[in-house]
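Trainee: Please take one part of this model and go through it closely. I would like the helix packing and the charged pairs around it.

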Amino acid sequence: MRIVLMGAPGSGKGTQAQRLVTQFHIPQISTGDILRQHRKDGTELGRRADAIMAAGKLVDDATMLEIIRERIARPDAQSGFILDGFPRTQPQAEALTALMKDLGTPIDAVVLFDVGADELVRRISGRRTCSLCNKVFNIYSAPPTSPATDCVAGSAEHQLFQRKDDEEATVKERLRVYEQNTRPVLSYYSDAGLLRTVRAEGAPQQITQRLLDALAPAPAVTKPAKAAKPANKSARRAPTRKRAAKKAAPRRPSAKSRTGASVRRPATRKKAKSKGGARRRAAPASAAVKRAGKTRATQRRRPRRSKR
Ligand SMILES: [Zn+2]
């Protein structure tokens, strides 16, 4: 399972990503962490990134993709991965699609952690960091255990403070920038039929369950797909569809209304129906066709893929 996680700062996707790691036994690939590691290890990539950053620039997309390509080639990522922190722009999303197509391992799902703006501001502005040990608390959701503000009871050196980044005004600006950059990426993935929106408010355990539900249709129907032949198509497809539709139904409306993707869907749906499922699976076609065709076809037919 190859998953991309999307979510604003404070959406809690880091916590949930860790749960997916446990659930699916696939690594979490955080581009920020990998980049830091490359720089620390002084690899060729790391030195290049150092030079770029020393010049006050952002690491370019080509370098980021090289980092991802190198990481997903490692043995632990062969059955999938959870990509976090990339893509952040539409060109990056397109480049990622091209890379995965090149490798013959397309992204299975893009999950958006949906949290209301007010809640995000509350979560982030509630953060307090210890000046001594850098431990992070949240005055709302994970308050310090001792009644004082110290993270070690009775220690005067452990003082909690609010990072400049976490101040309300800064948070609002960060979220505005995030929204602006991310909206096209979400539309892109919605058009590709990959976007799954998970409401990320409530108890962490609840959110995990929603997340697993959102990702469930694919593994659930993997087996019938292997044997599916055009001749038995109707017999085999009926239960598959019913199951997929049942699981997918609750989250579709939010994904659609968010991106307006519903406008495009009827056409793609018709197209997907008229084409042979086997052919579609065998030949992923050009990026444009693929993008259009994936809208419905992926959600319906992905489960039928035998390659996982
Ligand atoms: Zn401390």
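Mentor: Helix α6 crosses helix α7 in a right-handed sense (the near helix is turned clockwise from the far one by less than a right angle; anticlockwise is left-handed). The model is predicted, so local features need pLDDT of at least 70 and side-chain atom pairs 80 or more, while totals for chains, interfaces and linings use all residues. Numbering starts from 1 along each chain as its sequence is written, and side-chain values use heavy atoms, without hydrogens or water.

α6 spans residues 117–125 and α7 spans residues 168–191 (helices are DSSP runs of H or I, at least four residues; strands are runs of E, at least two; both are numbered from the N terminus). Their axes come within 9 Å and cross at roughly 130° (lines fitted to C-alpha atoms over the stretch in contact; angles run from 0 to 180 degrees between N-to-C directions). The two helices are therefore oblique (under 35 degrees is roughly parallel, over 145 roughly antiparallel, 65 to 115 roughly perpendicular, the rest oblique).

Which residues of α6 and α7 meet? α6 brings A117, L120, V121, I124 and S125. α7 answers with E168, V171, K172, R174 and L175 (contact is heavy atoms within 4.5 Å). By class, the contact holds six nonpolar residues, one polar and three charged (nonpolar: Ala, Val, Leu, Ile, Met, Phe, Trp, Tyr, Cys, Pro; charged: Asp, Glu, Lys, Arg; polar: the others, Gly among them).

R127 and D166 form a salt bridge, with the closest N and O atoms 3.8 Å apart (a side-chain nitrogen of Lys or Arg within 4 Å of a carboxyl oxygen of Asp or Glu). R127 sits in strand β5 (residues 127–130), and D166 in the loop between β7 (160–161) and α7, so the pair ties together parts 39 residues apart in sequence. D166 is buried, at 1% relative accessibility. R127 is partly exposed, at 24% (buried is under 20% relative accessible area, exposed over 50%, partly exposed in between; 1.4 Å probe, protein chains only).

R163 and D165 also pair, at 4.0 Å from N to O. R163 is partly exposed at 34%, and D165 is partly exposed at 36%. Shared partners then join R127, R163, D165, D166 and R174 into one network. R174 belongs to the α7 side of the α6 contact as well. Across the whole structure, the search finds 18 salt bridges.

For another packed pair, take α3 and α4. Their axes come within 11 Å and cross at roughly 155°. They are therefore roughly antiparallel, and their crossing is left-handed. L45, R48 and I52 of α3 meet T63, E66 and I67 of α4. That contact divides into three nonpolar residues, one polar and two charged.

A salt bridge joins R48 and E66, the closest N and O atoms being 3.3 Å apart. R48 lies in α3 (residues 44–54) and E66 in α4 (residues 61–72), so this pair ties together parts 18 residues apart in sequence. Both ends are partly exposed: R48 at 28%, E66 at 35%.

Stay on α4 for R71. R71 is buried, with a relative accessible area of 10%. Beyond its neighbours within four places in sequence, R71 contacts P27, I29, I34, D76 and A77. The C-alpha atoms of R71 and F81, ten residues apart along the chain, are separated by 9.9 Å.
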